[in-house]
Amino acid sequence: MKPPPFGYSRPESLDDAVRLLAESGSDAKVLAGGQSLVPLLSMRLAAPRQLIDINRVVELAYVRTDEDTVHVGALARQADVEHDASTAVVQPLLRQALRLVAHPTIRNRGTVVGSLAHADPASELTAVLAVLGGAVRLVSARGDRTVPADQFFVGPLSTSATADELVVEASFPGRPPRTGSAFVEISRRHGDYAICGVAVCVAVDEDGVLRGGKAALISVGPTPVVVELGEVVAGAHPGGDLSDVHHAVCAAVSPEADIHASAEYRRQLAGVLAVRAVREAAQQAAA
Amino acid sequence: MFGQPIVRREDPRLLVGEGAYLDDLGQDALAAAFVRSPYAHARITDIDVSAALEVDDLVAIYTYDDLAGPLADPLPLLIPHPTLTHGRTAHALARDEVNHVGEAIAMVIAHDRYLAEDAAERIVVSYEPLPAVVGVAAARDGSILVHNDVPGNLAARMVQENGDAAAAIAAAPHRLTLDLQVERSASTPLEPRGVLARWDTESRRLRIWSSTQTTTGLRAAIAAKLQLDLADVEVIAPDIGGGFGVKINHPWPEEVLVAFAARTLQRPVKFTEDRREHFIASAHERGQLHRVEVGYDDDGRMLGLSVRFWHDNGAYIPYGLIVPIVTSTQLLGPYRPESYRVEFDSLYTNTVMVTPYRGAGRPQGCFVMERTLDAIARERSLDRVEVRRRNFIQPEEMPYDQGLIFQDGRPLIYDSGNYPAAMDLLTKLVGWSDFDSYREQARAEGRQVGIGIACYVEGTGVGPYEGGHVQIETSGRVKVATGLTTQGQGHETVFAQIVADELGVPIDSVQIVTGDTRRMPYSVGTFASRAAVMSGSAIALAARAAREKIMRVAAEALEASPDDLDIDDGLVHVKGSPGAGIPLGTVAVLSNPLRYAFDEASKAATQFAVGDQEGPPVADDDEPGLEGRDFYSPTRATFACGMHAAIVETDPETAEIHILRYCVVHDCGVLINPRIVEGQIHGGVAQGVAGALYERMAYDDHGQLQNASFMDFLMPYATEVPSQIEIDHLETPSPLNPLGIKGAGEAGVIPSAAVFAAAIEDAEGFPISRMPISPSELFELRQQHRKVSR
Amino acid sequence: MTVLPEELFDVQLTVNGAAQRASVPARRLLSDFLRHDLGLTGTHVGCEHGVCGACTVLLDGRPIRSCLLLAVTADGGDVTTVEGLAEPDGTLSPVQQAFQDCHGLQCGYCTPGFLTTITAGLRETPNPTRDEAREMIAGNLCRCTGYLNIIAAVLRAAELSGGRP
């Protein structure tokens, strides 16, 4: 399994990358981490005429936090974001999710933005962006724009970015006080794509009672399924009966079957994992 | 050395990246790539290579039309059998029909694999798709045929029986019927297949390296296909990154074609299989459907056992009926049903062909027998261990004739074994009698736990033979060769341990070569857990022959009797005088009366006078040199056994299956290197867990393999296998070979499906009759049983 | 239309401390570059889709899948392969020695990927618990050993290194 031939360029600035993308039209692919793209090339499932390797565009290699947002540049490796100390404080859900992405060796090259741009329905990071209400910034020769999560993911492996747009940054809102988060997933093997995964944020009051919450699920729909939990959790004790959460989440997802899991099993997991995630998130909120 | 857990001698080069696996060789060779069928069943109507001819650095393209003589004939049917009335094998390149996704249609030769794939991609094949037969049910139905001239898709139907099982079942106080299924899986070694061929234009000889389990088999097959004399073909197995059975089949189309291309082009040619190809163009195994009828008495003793099963042999059947024959016979395990009948149909499907995978039909047989015994126990409300004990062959009944013919064509006679003792060890190790209360306690905590037990017997060390050649050089180094091959079993170490002991030499002076027809041209191959028994015994016998000559020559030199001599640390000396003697190297010089003194060793040897000064320097019945050569050829297999127990916990909400404990009691006779045997058990158990809980080949109805990659074929990581395996050993030495050993290679994997099905059933409270099982499938079964019980 | 020969790119890497270079097409995978363009065949290829880990090498000290990296992308980097783990005089590294001591390899095909992964892993976690050792190797496939002896090798390697990174 060897890649087919392609034209190759390796720009060193964002301007050059954007220009190359504009020139190539829809027959180009951008290479950053390569952990998803290279296997596709090797299996000859993708055969772009041009490959634009942005690994030298160092101006995009950053992860920055201000007091209420984590900004991740296109070249920030998943491992770097996972281990970034200020990110862990400003928005712990990123580390909670990243720990579950593939294996550390993959995370050493894979990028956070790349995972979002690839938009695999099983990508943990898409659920994180969705549940936090984050956004991505897209740059092209025509200008730049910011697209919120709910308008970015449009289908399996499909985003609203146009062929000439480069995703340069993802921004993740930080964690407000008295909130907690959790990412819970089940996969067949350690590091595999999840059969079902849930990112949850909850808010609690001073007694630890749930006030509100939101969940985003992966592998149970073409894009992350966002479920508002406010009504079903309000007033509930996180250690008590959360069957309303289970039912609300089960009703919100329309999973499909594949060789690894039936649709009904995925639906069952959605509810079970959402409850486990709410409990875990509430514990973090209280801590 | 024998019996010592010494560290392996092959490790140092493997640890520093100096292994020589197939793709490491032949850096100057041309590369081969293949056009393979995307259809499970189709007629080929046209092959257009014109676009491929434009690719840079293309060297050649071959299709069926380029093959003549024996090359154009189907590949050999290696193991015929009278009941295999409709054996069909593939052509090296598809002639006019393809019968599985992945079947080779054209071979491209270019300067590297990238370019070869570019050219292959440009070859346009026109197909007329045909309906595909997938799965036993469709094959059995027979309304769609894989091969037009094979009615009912039936390659073979075979019956073996001992006594009148039908009558016994009819007359029995109790009866049960079970329907069981094992799904298809595969060996998947980390290194796929590969072959490199060099044609020596000067000497007009062919040298082939292949990642194969049988160099001599491949040599004979290639010689036949290319119409060469055996003497003009050499086959060498390099370092091999795992075999697990899949590399025993030969000749693969790629092996034949690469050899052919090398000779035709007079350039070295190499094929390195990639992972996707390995999934769709090598071989699979395990898929079978079974129907069991058993009649038994009040105590759970089997009076009659009748098994009817259907074996999916894939599109072709070059390896014959070995797998279902092994299932048929090894199904009996350590038990003695009073009468037994087994009938199987081997059926064609439009999928990858089936050849042995570690266990080779035994896992299926063990699954059937163990599920049957558990069902009997459940029906009679008897303890599952007690039912097994009541059906065991007793040690005093050895040797025990099961009244059937085994896969080697010989009577199925167990030579030795102590099954009650093994069960004693296992029940103690796992705490069988304490489990009921543990299960109750767990239930009270809302947890579901279950325990399973499974027993098996394994006929190892099957013939026809293996050979050993031991030669002592004038340097004192001992060069040993055996013809079978190595894929990680530590042969360089264990065989050296045998020789070091037999000859009395330091182990570091012993060098072992396996799988090289230049060094040992008579061999069968590595499979069926036979290497230690077969080659171990042959090497021991060869070393003894060499030792006998050493003593004879040294006795003359030392003017002593051979019986008064001993060898220690490579020095031959009179017993009781360890310091004064002659080194083996000197004995080697003395054994070869030459006119010329090449070096100090041969000069120094002239101080000794050997041989009859009046007679010929080399006696009539003697030969020059210090060698021993011998073969071991057993009358029948020697039977190892094992018993496993597993404790699992199933999650009530997610149906995930966690392994809490895994226990093994293992009897493979005398152990040459206990550490290596333990490694084989670990690996086998991991592969068994994989086969029970993770791995299957997922074909859709159109014959497309949906999980032809490691992303979706779930080979386990360290996190999926037990973090501890508790092992206890029993040693019932084999009476059949000089070392008393039995095979160990497949043991770990044989009872897994059975033991996990039993444990999960125990945890869940409903029958598990199909394996492997995933959490999703367990969840679905729960739903089904919940509906029924409402 | 004849297919033109591909454009070649000059790739320079430091591999096991030595400067290496070769001209290769952009699509050449780092795994093939190491094995065939540089002749360092110790790094093995088991799947070419990033799952098995046999191809793992260290790039700037971090373990990466060389089958998922183009050689041109790696240009300028510092690579360590299995051939670079032992001392110049041939003494095995603690990780290599531990594999021998613990029977951590059988066929040896997956082993180079484990050795590089564990070498980097122990730098980060010099004193792993058994669970951490298991986690450290949880991204590499082995078909022969069942992993137990490899986990033991991780712990033994930590011991041999004196718990020092």
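1. C:Cys47 is buried, at a relative accessible area of 2%, where buried means under 20% relative accessible area with a 1.4 Å probe and protein chains only. C:Cys47 takes part in no disulfide, and the nearest cysteine sulfur, that of C:Cys52, lies 3.9 Å away, while a disulfide is defined as a pair of cysteine sulfur atoms within 2.5 Å.

2. C:Cys55 is likewise buried, with a relative accessible area of 3%, and is in no disulfide, the nearest cysteine sulfur being that of C:Cys67 at 3.7 Å. Over all chains, a search of the whole structure finds zero disulfides.

3. This is a predicted model, in which local features need pLDDT of at least 70 and side-chain atom pairs count only at pLDDT 80 or more, whereas totals for chains, interfaces and linings use all residues. Residues are numbered from 1 along each chain as its sequence is written, chains are lettered from A in the order in which they are written, and side-chain values use heavy atoms, with hydrogens and water left out.

4. Between chain C and chain B, 55 residues of chain C are in contact with 60 residues of chain B, contact meaning heavy atoms within 4.5 Å.

5. Five salt bridges are counted between chain C and chain B, each being a side-chain nitrogen of Lys or Arg within 4 Å of a carboxyl oxygen of Asp or Glu. B:Glu695 and C:Arg143 meet through their side chains in a salt bridge, at 2.8 Å from N to O.

Methods: Buried means under 20% relative accessible area, exposed over 50%, partly exposed in between (1.4 Å probe, protein chains only).
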